[in-house]
Amino acid sequence: MQTKLPEWAQKLLDRHPNVDRPSAEDPMPAWLREELERLPLWAFIRGTNDVRRGHPYFLIEDVRKQPELMKRVLELQPEFGDLAQRMIDKGIEHLIFTGCGSAYFNSILGAFVFQRWTGLTTESLESLEFANYWEKVPRKTALIAQSATGGSIETLDAVRRANDEDLFTVGLTNTPGSALEDLCHESVSFLTGQKCGPDVSVITTRMMMMYQLALELGRRDGTLADNQAEELEEAIRALPEVAGKLLEKQDPNIARIAHLLKDQSALLLVGGGPNWFSAREGALKVEEESSMVCKAYRPAEYPHDAIALLSAEVTTVVIAPRGKSYRRLHDSLRTGRAAGSRGLAVVAEGDETITQDADFLISVPGESNEMLFPPLATIVFQLLGYYLGVERGYNPDTLRTDNLDNARAWLTAFPLGTH
């Protein structure tokens, strides 16, 4: 069980000292219902009484702040260098990445990146899967656990399991003083100060954390030659500026695309390699912000799994920087068009191939680095989800917890204070 409640939940309970606490049978007692009629659940989690009822919502401000936040994360490089050295000194040979939701998707990306930039073997497991099903490996292992709030119950259980197995545990979070920090041997926290929920626009900061840790490990264990490490460091340090240019150039275009897609029944997002993360995270963001159904596919899965779903009411979206998946992503776009499905291509600026078969185009500035494309693609889908939410009449700040039925569902899945 969680050892302590987040500050927001404790304050809420302190205001109602003589009432029944929420339970599995009654996750939203009358007193809590009254509170949530006054404010959406995620306003309590953010510790604010300020709720916006129309565009511009807080989320768009949080999304636009990301280049600045990503730049600030770069200041943590010495801390990641020290952490990388301690991991090497401990003889770590194997890394397990874990989390739930966006944190799990980022764990998939982490396992992909670290396997290529370091000399370590890697795997990614969703937190509940790790806690219940992980089998020991005969190697010195570390668990890298992520949670924006630092309070996800499954992720805390995963860290407890890792500690019981004598694994070295590292937490990456956006909430200083969280339960995750208390449980892990080491932790790095970066406070974003976002105003909306549920941590919609913070994942890019933890992606920057992982890139830096992978770079420092690869530099120190000799996997990356000096020139490779220097090139990667330069490219990582350029990401905040590229993100700023993306927002400046593509914000109006993405708003226009959202207006044209607002009546679609679903989006099918396709991404390969490191951008399998982008498809999973992008689908989640569109669903969280706009309540439009999204599915994520790898390029080879799409023709096997999605053809029966294709129609004029379903849009195929390919995340297609130049890379090993590019040709098959182009095939996915053409397959969708053959069935009457409109196509949206998220590509590197200057693409002249896939763009010929796309109805809608979002161009990401800068060179097409497949490994570093995910943070930029993430911002694309944060914007697309936001504007779809505005067009479809949803408040993208709240994860629909401004609707009491959805708030009850949230509290059923995550009893008060356990996320």
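Me: Where is P56 found, and what is the peptide bond from H55 to P56 like, cis or trans?

Reply: Happy to start there. Most peptide bonds are trans, and most residues other than glycine have a negative phi. In this predicted model, P56 is found in the loop between α3 (41–46) and α4 (58–64). The peptide bond from H55 to P56 is cis, with omega near 5 degrees.

Me: How do I read a helix by its faces? Which residues of α1 are buried?

Reply: An α-helix has 3.6 residues a turn, so residues three or four places apart point the same way. In helix α1 (residues 7–14), W8, A9, L12 and L13 are the buried residues. Looking down the axis of α1, these buried residues fall within an arc of 130 degrees, so they line one face of the helix. E7 and D14, on the other side of α1, are exposed.

Me: Now for salt bridges. How many does the structure hold?

Reply: There are 26 salt bridges in the structure. A salt bridge here is a side-chain nitrogen of Lys or Arg within 4 Å of a carboxyl oxygen of Asp or Glu. One of them joins the side chains of E241 and K245, at 3.7 Å from N to O. About one helical turn separates E241 and K245, because they are four residues apart in helix α12. E241 is exposed, with a relative accessible area of 53%, while K245 is partly exposed at 38%.

Me: What about E288 and K285: are they buried or exposed?

Reply: The side chains of E288 and K285 meet in a salt bridge of 2.9 Å, N to O. Both residues lie in helix α13 (residues 275–290), three residues apart, about one turn of the helix. E288 counts as buried at 14% relative accessibility, and K285 counts as buried at 1%.

Me: Which parts does the pair of D359 and R337 tie together?

Reply: D359 forms a salt bridge with R337, with the closest N and O atoms 3.3 Å apart. D359 lies in the loop between β9 (343–348) and β10 (360–364) and R337 in helix α15 (residues 326–338), so the pair ties together parts that are 22 residues apart in sequence. D359 is partly exposed, with a relative accessible area of 39%, and R337 is partly exposed, also with 39%. Elsewhere, salt bridges that share partners join E216, R219, R220, E233 and R237 into one network.

Me: Which residues form the negative surface patch?

Reply: D226, E230, E231 and E234 form the negative surface patch. Take E230 as a case: this residue lies in helix α12 (residues 226–261), and E230 counts as exposed at 52% relative accessibility.

Me: And where does V202 lie?

Reply: V202 lies in the loop between β5 (186–189) and α11 (203–221). With a relative accessible area of 2%, V202 is buried. V202 and E288 are 86 residues apart in sequence and 14 Å apart in space, C-alpha to C-alpha.

Note on methods
Residues are numbered from 1 along each chain as its sequence is written. This is a predicted model: local features need pLDDT of at least 70, side-chain atom pairs count only at pLDDT 80 or more; totals for chains, interfaces and linings use all residues. Side-chain values use heavy atoms; hydrogens and water are left out. Patches are made of residues with over 30% relative accessible area and no salt bridge: like charges are joined within 9 Å, nonpolar side chains (Val, Leu, Ile, Met, Phe, Trp, Tyr) within 5 Å. Accessible areas come from the Shrake-Rupley method with a 1.4 Å probe; for residues, only the protein chains shown count as cover. Lys and Arg count as positive and Asp and Glu as negative; His and the chain ends are not counted. The place of a charge is taken as NZ of Lys, CZ of Arg, CG of Asp or CD of Glu. Helices (H or I, at least four residues) and strands (E, at least two) are DSSP runs, numbered from the N terminus. Buried means under 20% relative accessible area, exposed over 50%, partly exposed in between (1.4 Å probe, protein chains only). The arc is that of the directions from the helix axis to the C-beta atoms.
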